[in-house]
Amino acid sequence: MTFDKITMDHGSGGKLTLELIENIFKANAGLDSAILGDIAFTTDSHSITPLFFRGGDIGKLSVSGTMNDLLCVGAKPMYLSSAFIMEEGFLISDLKKIVQSMLSEAKSANVEIVCGDTKVIESNKGFYVNTSAIGKIIRPIDGSKIKEGDKIIATGNIGEHGFAILNERENLQLTSHLASDCAELTGLILPIIESDLEIHWMRDPTRGGLAMCLNELCYKRDFGVEVFEELVPISQEVLSISEMLGIEPYYSANEGKMVIVVPPKDASKILDLLHKHPLGKNASLIGEITKDHPQKVLLNLSYGTKRLLSMPIVEKMPRIC
């Protein structure tokens with residue numbers, strides 16, 4: 001598939017995003033943060049409609065997403081910058097809410113916001129936040145130690161952010177209980193990074209959901225992934241809206257979850273640690289690394305058959321981050 005113009009699908013986090021990064025930016029899309037000696041560095045931009053949603057807002061989303069990217073490479077988040085691009089006419093009262101939300105989330109992660117920038121653009125052009133951050137590497141986690149038989153853990157119910165935003169944006173009113181899982185995960189993940197337990201890979205399954213995350217895990221690698229449908233934690237609210245819309249929860253974004261690859265000897269210990277934290281109470285061992293089908297993700301269905309969980313090429317849901 002070739003394009004002569006950028007499309008919305010180039011920003012979906014799927015295969016077209018990967019091709020853009022590799023072919024145009026000539027960059028490696030392998031890690032969520034750069035590992036620079038004992039420092040990790042990352043940057044992220046956020047555009048979402050609505051700006052305020054059940055479970056969070058663009059301020060909370062921007063800080064939590066950036067903190068979680070640092071955790072993915074084994075870093076303790078330390079300092080954050082924030083840049084705002086705001087349309088003329090944006091309400092000061094709404095800006096105050098967003099800034100307060102960012103401060104609250106940064107405090108939760110014990111992170112200091114140290115610098116920033118502000119730009120105002122013409123009306124009806126939107127509101128955008130960019131955040132960059134550095135963290136101290138506790139131990140580098142880059143995926144180089146992944147082995148056949150490694151176990152895959154999801155830290156909680158999947159798909160909640162994407163469907164919650166879709167439900168509110170389109171005023172579907174399909175469920176009144178579904179909320180975004182938007183959250184920074186320092187309190188959940190840092191104790192594991194600081195423990196003596198092995199971690200071979202981590203990724204927060206945001207755009208493209210769990211399906212994209214697992215395909216990135218085995219992208220251009222000599223191993224594949226097997227996932228077991230009955231072990232993937234999914235809330236009843238997500239299952240219901242998924243069935244009504246005909247969109248699989250595996251492709252719905254998450255903003256407060258982590259996928260962790262660990263050696264078998266440490267899997268149960270890490271699960272025990274996750275279960276002790278409120279954000280990890282639904283953590284589950286969902287699959288494993290296999291050499292049987294390199295670069296492919298297979299979903300083992302509850303009635304005994306398997307099917308391919310493919311990498312999304314075009315966006316299956318409206319933009320949510």
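**Close-up views of the predicted model**

**View A. Leu188, Ile189 and Ile192 of helix α5 meet Ile270, Leu273 and Leu274 of helix α8.** Meeting here is contact, that is, heavy atoms within 4.5 Å. The model is predicted, so local features are given only at pLDDT of at least 70 and side-chain atom pairs only at pLDDT 80 or more, while totals for chains, interfaces and linings use all residues. Residues are numbered from 1 along each chain as its sequence is written, and side-chain values use heavy atoms, leaving out hydrogens and water. Helices (H or I, at least four residues) and strands (E, at least two) are DSSP runs, numbered from the N terminus. α5 covers residues 186–193 and α8 residues 264–275; they pack at an angle of about 150°, with their axes 10 Å apart. Axes are lines fitted to C-alpha atoms, for helices over the stretch in contact, and angles run from 0 to 180 degrees between N-to-C directions. The crossing of this pair, α5 and α8, is right-handed. A crossing is right-handed if the near helix is turned clockwise from the far one by less than a right angle, and left-handed if anticlockwise.

**View B. Helix α4 (residues 160–169) crosses helix α7 (residues 236–245) at roughly 60°.** Their axes come within 10 Å. The two helices are therefore oblique to each other; angles under 35 degrees count as roughly parallel, over 145 as roughly antiparallel, 65 to 115 as roughly perpendicular and the rest as oblique. α4 passes α7 in a left-handed crossing. On the α4 side the contact is made by Glu160, Phe163, Leu166 and Asn167, and on the α7 side by Val238, Ile241, Ser242 and Leu245. An α-helix has 3.6 residues a turn, so residues three or four places apart point the same way.

**View C. The surroundings of α4.** Of the 10 residues of α4, 8 are buried, so this helix is largely enclosed by the rest of the structure. Buried means under 20% relative accessible area, exposed over 50%, and partly exposed in between (1.4 Å probe, protein chains only). The buried residues are Glu160, His161, Gly162, Phe163, Ala164, Ile165, Leu166 and Asn167. They pack against β3 (52–53), α2 (58–72) and α7. Just after α4, Asn171 has a positive phi of about 50°.

**View D. Seven strands in an open sheet, ordered β9-β11-β8-β12-β10-β13-β14 with mixed pairing.** At the edges stand β9 (201–203) and β14 (306–308), each with a single partner strand, so one side of each has no neighbour in the sheet. Neighbouring strands are turned by 25° against each other on average, direction ignored. Two strands pair if DSSP finds at least two bridges between them. Strand β10 (residues 224–228) runs antiparallel to β12 (residues 284–290), joined by 4 bridges, and parallel to β13, also through 4 bridges. Glu226 has Glu288 as its bridge partner in β12 and Leu298 as its partner in β13.

**View E. Strand β13 (residues 297–300) and its hairpin with β14.** In a regular strand the side chains alternate between the two faces of the sheet. Val297 and Leu299 point one way from β13, Leu298 and Asn300 the other way, and all are buried. β13 pairs with β14 in the antiparallel sense over 3 bridges; Asn300 has Lys306 as its bridge partner in β14. The hairpin has 5 residues between the strands, and Gly304 in the turn has a positive phi of about 105°.

**View F. An open sheet of 5 strands, β1-β2-β7-β5-β6, with mixed pairing.** Its edge strands, β1 (34–36) and β6 (112–121), each pair on one side only. On average, neighbouring strands here are turned by 20° against each other, direction ignored. Strands β2 (residues 39–46) and β7 (residues 127–137) run antiparallel, joined by 8 bridges; Ser45 has Asn130 as its bridge partner in β7.

**View G. Lys220 in the loop between α6 (209–217) and β10.** Lys220 is exposed, at a relative accessible area of 56%. Apart from neighbours within four places in sequence, Lys220 is in contact with Glu22 and Gln295. Lys220 and Leu245 are 25 residues apart in sequence and 32 Å apart in space, C-alpha to C-alpha.

**View H. Cysteines in a structure with 0 disulfides.** A disulfide is a pair of cysteine sulfur atoms within 2.5 Å. Cys115 is partly exposed, with a relative accessible area of 45%. Cys213 is in no disulfide, and the nearest cysteine sulfur, that of Cys72, is 8.2 Å away. Cys213 counts as buried, at 2% relative accessibility.
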